[in-house]
Amino acid sequence: MIPSSESLAANDYSLTVFSSKVDAAEKKPDTRNIEEAELSLRESSSLNYEEARALLGRIEYQKGNIEAALHVFEGIDIAGITPKMKLTLAKRVDRRKRRSNDDASPSMSIHAVSLLLEAIFLKAKSLQHLQRFREAAQSCTIILDIVESSLPEGLPENFGSDCKLQETLMKAVELLPELWKFGDSPHEAILSYRRALFHQWNLDAETTARIQKQFAIFLLYCGGEASAPNLRSQMDSSFVPRNNIEEAVLLLLILLRKVSLKRIEWDPSILDHLSFALSMCGGLRALANQLEELLPGVINRKERYELLALCYYGAGEDSIALNLLRKLLHSSEDPHCVPALLMASTICGEKSNLAEEGIDFARRALESLDDECSELEGACNLLLGVAQATHSKSALSDSERVSRQSKALQALESAWKITSMKDPNILYYLSLENAEQRKLEAALYYAKFLLKLEGGSNIKGWLLLARILSAQKRFVDGETVLNAALDQTGKWDQGELLRTKAKVQIVQGQFKSAIETYSHILAVVQVQSKSFGSGKRLHKDRSLRSFELEIWHDLAYLYISLSQFRDAEICLSKSKAINSYSAVRIHATGLLYERKGLLKEALKAYWNALDMDPNHAPSLISAAVVMKQVGCQSSTVVKSLLMNALRVDRMNPSAWYNLALIHKDEDTPSSLHEAAQCFEAAAVLEDSAPVEPFR
């Protein structure tokens, strides 16, 4: 050995007495270090001071003497030996390229470089053990800087395979971002992850996959927003992620592709994180595509059906989701799968043509519980009640409808009691069903209970309470509730609250205030569209663009009622630019013609609206009213239109009122009796009508 100015043995022996232990049992020294030292001796005829420290520090580290090892490693003059190491690495690559051994030997052997790089890595590990994470990261960075500056084009294949250099480098590349994370330096961690993946380090497939997965997890859950990666080296057509979620999704998709190509083993957590990421950005349809592309056997077939159904349901494609659930619940698959039964009941429960099937699914779920938790039993009763409430709307007779409504309330009340009155979702539907049956006092009680239970955190609860108060004609109280909700809600989520407030202002005759409220909504929508895109979904069935369309329609109806026809026409033109195929817009156009006295044009518009949507109740009623005015059809046709309107919306007071007028005009004892009943229904419904539908 080249002698040093201090005794390494004496200096480091004293430190081992006070050193910390990593493991209780002493680890066996790695003989590969001794082999590296022997090779270095053969090549250079001596083991210099830094190499000796590297070897001694390694032995101390293996014994678990972390502080002693760190003391030894800190004695290595890294700045002094770095140029020699870079020169050795660069010459090694140059010799490999020219396949020649005629060049003069470098001042340091490749084995010495490997030994010293490992010493720097073990210094980083020692600092990590002592929780000095930033210093450890800086030490680890030195390894990558040395290799990257020596080999800017990346490591050739099998470079350093005859020593531990490649193994040390792989460990350093994987460790560095973890050190920055523990050192509370998220920006540096992200840069380290990208450096690990963009530079050619000759990492094996498993190591690369681990880094990609950990990077994706960090991007999803770190709580900060990373700057977009610099991909100048990529082709112009390459996709460049704009935010954390897009970059994480890209990484996870790459991992799924590697699984499909059988380059890495299947890891279920990849799909879990991808599901979360795509759910957050509204990419459930894309997630369904990925699930369908997975090779058979990667995930269980039943699990695949259930996950696909969730994806399609979340993406608004209910019919596809329901068909998948029907397959899963077939007698040959898993007919007693409670989650699938609950999802199927959820899909069917709010659709009048599928409500009966939804009732069946909910009952099957109840039968399949086997005395499981009360929360599941409550959920089954909730879905049963919702499906029965929907089914009641298609009842042919009043007695049948009342019977179904009674069963719906019974199921909802059972769900409420089973869950100890602590489930806000059950409370919401219980209040909603009472409100729709015009049991407003009970609905108000449950709505207030809901608001207290949730602490005002859910917009749906505020909206329902305000609408119930408006049905009780307590408009000032309703507006107070809406103002309180607006104070507790972020500006991006205020759209529905402001819309209801505008309608409360209209019924109070505050037309100027209502117009200002609508203008504020449109301004917020415009900013949101620019920030997030017009396709941003407010919830499952509604996008930002469709909400804007509804606001233009509301404004058009308001201007028509005020006879401000020019302003109404502007609103309708804005609506047409968003969606030219809208029954509501065409109905508003017909109403505009009607207010101008152009009855034939109005009637034509109403028929056009019904061509688009045969069940559009306002168009059915308006067409009946205009036909009665012009006298172009018999009362039978007019009555048929009104009956169809009541079939669609039985709680519409305008339909009952106009039907009463038809019966009154017939002027027979029976028709007058029916007219009186229709007038009474219209009056009761008008007195309890909310400014907006409860649901």
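1. The largest nonpolar core has 104 residues. Those with the most contacts inside this core are Met85, Leu117, Ile143, Val147, Val173, Leu287 and Leu291. A nonpolar core here is a set of buried Ala, Val, Leu, Ile, Met, Phe, Trp, Tyr and Cys residues joined through side-chain atoms within 4.5 Å. Helix H6 (residues 110–129) supplies the largest share of this core, 12 residues. A second, separate core of 59 residues includes Trp416, Leu440, Leu450 and Leu558.

2. A word on the model. It is predicted: local features need pLDDT of at least 70 and side-chain atom pairs count only at pLDDT 80 or more, while totals for chains, interfaces and linings use all residues. Residues are numbered from 1 along each chain as its sequence is written, and side-chain values use heavy atoms, with hydrogens and water left out.

3. Val173 touches Leu144, Ala196, Trp201, Leu203 and Ile211, not counting residues up to four places away in sequence. Contact means heavy atoms within 4.5 Å.

4. Now the helix pair. Helix H12 (residues 268–280) packs with helix H13 (residues 284–293) at an angle of about 155°, and their axes are 8 Å apart. H12 is therefore roughly antiparallel to H13 (angles over 145 degrees count as roughly antiparallel). Axes are lines fitted to C-alpha atoms, for helices over the stretch in contact, and angles run from 0 to 180 degrees between N-to-C directions. Helices are DSSP runs (H or I, at least four residues), numbered from the N terminus.

5. Which residues of H12 meet H13? They are Leu271, Leu274, Ser275, Leu278 and Ser279. Their partners in H13 are Leu284, Ala286, Leu287, Gln290 and Leu291. The residues of this contact divide into 7 nonpolar, 3 polar and no charged.

6. Helix H18 (residues 374–392) holds Glu377. Glu377 counts as partly exposed, because its relative accessibility is 32%. The cut-offs are under 20% relative accessible area for buried, over 50% for exposed, and partly exposed in between (1.4 Å probe, protein chains only). Leaving aside neighbours within four places in sequence, Glu377 is in contact with Leu366, Leu369 and Ile418. The C-alpha atoms of Glu377 and Ala362 are separated by 10.0 Å, with the two residues 15 apart along the chain.

7. Is His391 buried or exposed? His391 is buried, with a relative accessible area of 13%. Not counting residues up to four places away in sequence, His391 touches Ala355, Glu356, Ile359 and Arg404.

How values were computed: Helix = DSSP H or I, 4+ residues; strand = E, 2+ residues; numbered from the N terminus. Parallel < 35°, antiparallel > 145°, perpendicular 65-115°, else oblique. Nonpolar A, V, L, I, M, F, W, Y, C, P; charged D, E, K, R; others polar.
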